[in-house]
Structure formats: C-alpha cells, structure tokens
Amino acid sequence: MGDRLGDTLRSSGGPGLLDLVEEVRRLAKGARAGRAEDEAALHALLGELDTQRAHAVARAFAHFLALANVAESRHRARSHEREQTSLVGILSRLVASGVSAEEIHERALRQPIELVLTAHPTQATRRTVLAKYERIAEALAERAAAPEAESACVDERVRREIATLWHTEDLRRLRPTPIDEAKTTFSLFERVLWDSVPAFLREWSDALLTVTGKPLPLDAAPIRFGSWVGGDRDGNPYVTPDVTREACLLARWQAAELYERELCRLQDELSVGTASEELRALAPDSGEPYRKVLKGLIERVRDTRRACEEALGVASPTRSLRSSASRLVTARELAEPLALLHRSLSSVGLDIVARGRLLDVMRRVATFGVTLAPLDIRQHADVHTRALDAVTRALDLGSYSTWSEEERRRFLLDELASKRPLLPRRLPEDEALRDVIGAITACAEQPEGSLGAYVISGCRDVSDVLAVHLLQREGGLEPPLRVVPLFETLADLESAPAVVDALLSIEPVRRRVGGSMEIMIGYSDSAKDAGRVASAWALFEAQEKLLAVAERHGVTLTLFHGRGGTIGRGGGPITLSIWSQPPGSVRDGLRVTIQGEAIDAAFGLPEIAAQTFELYTTATLESSLRPPPAPPERFRKAMDAMAKRAASSYRRVLEDPRFFDYFQAATPERELGLLNIGSRPAKRSAQGGLGTLRAIPWIFAWTQNRLLLPSWLGAHEALEPRTDEDRAVLHEMMTEWPFFAALVDLLEMVVAKGDLTTASLYDRTLVPHELRSLGGELMGLFERTREAILTLRDQRALLESNPVLRFGVDVRNPYLHPLSLMQAELLRRLRAAGPEQAEPKLVDALLVTVHGVAAGMRNTG
C-alpha cells in the first residue's frame, strides 16, 4: 500500500514531494531507533518546511497510516475467513465443560444483544474519504481471491482509488447536522449490516444445529440494533423535535427501500406453482401463488417508501407519516406473510428453497423490523427539572427546582395518580419545557416500532425517573417509552443501587416497570471524574448491587453499557469487556453503545462485522453459562483500597491549579473545535473549565500528544505493591479474577500506545516554562505506571504476550513521529499568529496532522 501511495506522490504530488517524504521517513525510523543525529536532522527538516510543504507531507503520512489500517482490517477479515469453524468450536468447548446442549440452545435464544449506534463525535474522517478506503479494502479482498492473470487489473483499481484519494478534500468544511449523521448511520445498514446480519445468523444457526441438534428459530433475533442519532438531545441544541421526526422517517424510508429491493429479488426467484392449501386460499386463481403474495407485499413496501419521501419533502410541523391501510406500520405485517410462504414451501417438500433467500429476508425482518433501529430519546435530568419548574411556577405551586427530594417525589406521585392533566392549556414560555414537550409530542406521532427507550442522563435520584413518567403522560405519549436512568459520575454509580431499590419499592412505579427494567451505566464521565481504575471498580460494584436489587424485587434487569471507543471511555476488546463483568450481568441480555470510529472498526467490512457479531454472541453466551466466580473478600478489600488511592492521585493532579492551563497548552484541545467532527458542541456550556468539557474532547486531546493521560492516571497507585502481602494479592488477582486481569490488560495496551518522546516534544514546543514542571511530574507518573505493569506481569517490555498488537504499534511509530513533530510546530505557529489571523492553509495543515495521528492511534475519543 505504501508503494501505491508512493506512485501517486511521484506522479501528482508536486516536485520532489516523494523524495522529501522518503527522507522524513528515513530520519523518523532512525530517530525511533535511538539515533540522536537523525532526530536532530528530522527536527531541523520539518521545522524549516513552509506551510504548503508541511501540508503536503502531513497528508502523505496521514494517508499512509489510514491505508495501513485498511490493510490491517483486510488481514483481520482474512483471518476470520480461515476460522469458519470457530462457532462450532466454541459451542463444543461449552459442551466439553459440562454444559448440556439443551442449556446452550435455550440460553442462545434468551440473551438478546442490542448494539446502539450513536453520533458521538469521534469519527474524524470524512464519509467521502471513508468510502474510498472501503473500495480499496474491497479491491484488496478481490485481489487475494483473484487468479494471477486478473491481479494486475485489481491492482490498477487500487492505484486509481489512491490517486483520486490524493486529489480529494481531506477535511470537512461544514459541521455535520444531526440529519447528516442520521444519513451516515443508515448508509451503514445498506452497505454492510443488511447482508452481514443474515449471513452471520445462517452460520450461527448451522453451528447450533451441529452442536445442539436444533437450529435458530425462524423468528429469532439474537442481535438487534438501536440508534441515538436524531434522538440524543443531551447538550445538543441542534437535535430538535423536527430532527427527531425526520430521523424516524429516514429510518422507515431506508428500510422500505431495502425491503423493496429484496422482495423483488425474492419474487423473481419464487416462480413455484406448488403450494399448500393455506397459501392457495390466499391466491386461489393464481398459478404462481408465492409471486402473488409477494406482489402485494412489494406494493405495500413501495407505498410506504413513497409516503416517507412525500413526508420528508414537507416542511414542519406536518412532517410525519400519514396512516394508510396500504402502508407498512409494524414488522408483523411483513413477518406473517413471509412465514406463510416458508410453511408452504416446507410442506410441499421444498425445504431447500425455503432455506434460501426467503429465510434471509425473514431474519432481516426479525432483526431490523421496518425501522432498521428503534430510536432512543436522551435528555439530561436537569432539563426535565427546569421544565417542571416552569410548570409549577406558572401554576403558582412554587419552584420545583428548589424543592427537596421528598417534596418532589410527593408532588410527582400525586400528579401521576391524578386523572386531571397537569399542564395548562397554554404552556408557559420556557425553553426547557418547550423542548421537552416538543420532543415527547414528536415521539407520540411516530408509528409503532419507531422508538426505543427514553434515557435520562445525569440521573441522581428517584424524582428524576418519576419526572419523565409524568412528562410522557402530559405530552400524550401512549404507550410510554420505557424509562432508562443513566448513572454516570462516580457518586451517581455509588448511589444507583439505593435509587433503584427506592424506585422499585414504590408500587405505581413497580406496576409501570412490570417484570423487567433497564439501567444504563456510563463509562466516560465516571472515568473523567475519578480515573480509569476507580471508575472500573465503581462500575463493577454498581452492577453487582443493581443485579441484587433487581433479584430482590423479582425484576429482570438489562444493563445498558455506555461505552466509548477508547479505553479511557470504557472501550477495549469485546470478549475482554464482557468477561470482566460481574457474574450474571449479561444473563438477561446486553445493550451497549458503539460510537464514532468504533462503528467503522466494528462494521467497516462485512467480514469484520461478522467477527463482531460472533464475539458479542459467543462471549455473552459463555459468560452466561460459565460465569466467572465472584471475587473473594480479600480481593474486594484490596480493590477498594487501590481504587481509593488511584482516585485520590487522579483528582490531586486535576485539582492542581496549574493543570487546566497546562492541559490547554500541551494538547490541541482548543483547536479540536476546528475539525467539524460532529453536530454536538464539545462543551456542555460556553463558560467554565475542565468540568464543562465533555469526555470525548478530553480523551481526544491527550491522544494527540500521546500522553493518553485519562486512560492511566492514578493507576500506579493501584498497581504498586506497598507490602509483600500486597504483592502476593496482586499476583493472585491477576491469575484468578477476570475483572482485574482485564483491567491490567487494558492499561498495558494504552500505556504501550503512549510515547513520552512525543509528549516531551509538545511540552518543549508549546508549554510555558512555568508549567513545564507539571509535565515532568506527569511523565514521571506515566513511567511509574509502566514499571508497575511490567513488574506485575514479570515482563521486560510491554505487550510481550501480545506480539500482534506490539507489531501494530511499532510499525506505526515511524509514521506517527513526523506527524507529531509537525503538529507541535504547526500549533506553535497557529497560536503565535492567533486562530483568527492564521492563514487558512496553516489551519488545514494542522487539522491534517490531527487526522493522521487519530488514524495512527486508531482512536480519537
């Protein structure tokens, strides 16, 4: 891939660009190998580049790193193709461990997994550029399978794509709107998920049949999808009620278009005249009864698509799908006639036909319904409080926001029990109330299946949940969405079990909940609040206690994991993440967010998507049937002490009066807003310091200077033994407790990606002299963390037990290093000129380096 990019640079990169890039690469490799003369020469060479030349060199290295990611993804895909028997192997291993085939099959049907796609702004690369990388990946796949005679033709396609890539704009000039984000999300279904899901379910069914003697039922959907795109209004003023309406319409339109295409293909295939009496009763005068039934379905799907197009072309407030008997509203309207066709084919001896395209369409219906992914609504509890405060003040009932928790509960329960409406006919003029009621009204207009949950971020107490139940009723949302409290900060996670226990002890709430409840736990804010170690332990304990509360109340609990892509925001390998959960936490299913660049990492190629489905399905199944043992008391005591020390160390750094100024100087945090990554603002409010900054830019900024501070800060206090007894317990925890072993694995991965040479460079170039001592202290803590991990693992180098990842880090470093050098120098120039006065090419060059480092690190936020 590097040679192909070199060909493009030679032919169209401008005079001497390839030679310059090769010289930079040679010096960077020497510098990474420890040759001081190469490091000095590299600094001098890059420091002298004018903005135009720096922009071109940055683009070359950024594209090389992105193409390396494409090649690595293709390698992963090929590895997965060579391991096609892995599903059978995993199920057979479970049987060998003593789990009965009946248990495996039963559990496989009772562990729904929902992957919730969000628009969190962590994908730095333009959709246009990503599409080109996808076509390159497709060409590489064809080349691997093509005969020698055809490989030159495929290679020509790769060269052509790389050439057009070089002449394509790298940067977004406009910030995407929430609808742009929704269209990007729905394109994923068309490009990858639509075909990948039924293909995986076919493999999964075959594996279950081989090992347990029973296939997957026709209507089973072990994997489903949800979405926040167009519904997540927490801190995003651009997600309006009209945006939610349009997102719902786009989802139905995309689903209808995909079904129309698929049903037409099925109609072409099912020219069969032999049919059951049941089917003939529906098509008595037809020689092709299957086609006749499918023709009716196609007409309904087509009418639905046209109705969506018509509604999308109408300005608000009438932007909603009008009801009509000819339009599809629910998945049942597709599922039932398709099931009839399947029964008919099976009854006349045509099982082989029934198991073909028809079965795939049925499984799509079970998985995607008629909306692809139900849309969750998310809003912050404080907004609901302000909305109710406006109501109580308008009705002369007092100020809701100043009431105690007890007063709020009493008021809300009284209102929920009352048959009269609370809201006055004319709503008071209040922004929060208008937004909340507007969103709920938009939800009430949606047909069945369009919506998922109502998630309350910043949930702290019982009244936060009761408030949403009341607001849904007042907004006319019937039936109401299930209400999902999201506990995010360390304090909220610690209080979550008591809050949920109090909720389930209230009879009206218990009736509304029924037999099941969903609770979301946040990884990003808890880690930003107290550091990775304390956050991980708080999340583990909260899950344990929440499961115990649910069991005590006789309620089935689904845990919804708000994970980001990076380790600092709860990311990490899928199997490791699931296995490190408390026993029983995935017993009744799993919901998890997949965000930004993590979406492309999980679903960028069909083969990678299949691997993602396999990992989620098998890890959840294994964890349910062979859960890890609960940790003994001595492990708990040790972890309690370690978490407290780690949190104290983490907070001591963040509370240092020098810290915020150092953070803004040593990282490109202030400049990240120029990227136009997502529709949501980076800060919760325009004022304030670190407290108002969201977790994503917090992580993104530290990734760029490669100190990766949020992902490890405080860990040294947890991992450094204080006594011989500590040392013995740590080693026991490593070998006997999956949670702790996974925590150390993740810390090792992130520290291995860190680079003090780069972090020191940023300090020397960008940080005022009076703040550099803090940088030295932080780098000293990084070294202590690295040494603690090496000592605990008894290794001389990080990732000794993971050579594939070690190679991936090492091979990228010589390409990341010059990008980091250029970024630091360009930041210096930009800050000296001032962002408003800086030439546009300087800003562009800087942003290209940000893209390149994000690609090389395979992470943003």
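Over the face of which ring does R591 lie, and at what distance from the ring centre? R591 sits over the face of F560, 4.4 Å from the ring centre, where a charge counts as over a ring if NZ of Lys or CZ of Arg is within 6 Å of the ring centre and within 35 degrees of the ring normal. This is a predicted model, in which local features need pLDDT of at least 70 and side-chain atom pairs count only at pLDDT 80 or more, while totals for chains, interfaces and linings use all residues. Residues are numbered from 1 along each chain as its sequence is written, and side-chain values use heavy atoms, with hydrogens and water left out.

**Aromatic rings**

- There are 32 aromatic pairs, counted for rings of Phe, Tyr and Trp (its six-membered ring) whose centres lie within 6.5 Å, with planes under 30 degrees apart taken as stacked, over 60 as edge-to-face and the rest as tilted.
- F225 and F613 form an edge-to-face pair, because their ring centres are 6.2 Å apart and their planes stand at 70°.
- Since F225 belongs to strand 2 (residues 223-227) and F613 to helix 25 (residues 606-625), the pair ties together parts 388 residues apart in sequence; helices (H or I, at least four residues) and strands (E, at least two) are DSSP runs, numbered from the N terminus.
- One aromatic cluster includes F225 and F613, and among its other members are W194, W204 and Y259.

**Charge over a ring**

- R59 lies over the face of W166, at 4.2 Å from the ring centre.

**Burial**

- F225 is buried at 1% relative accessibility, buried meaning under 20% relative accessible area, exposed over 50% and partly exposed in between (1.4 Å probe, protein chains only).
- Helix 27 (residues 659-666) is largely enclosed by the rest of the structure, because six of its eight residues are buried.
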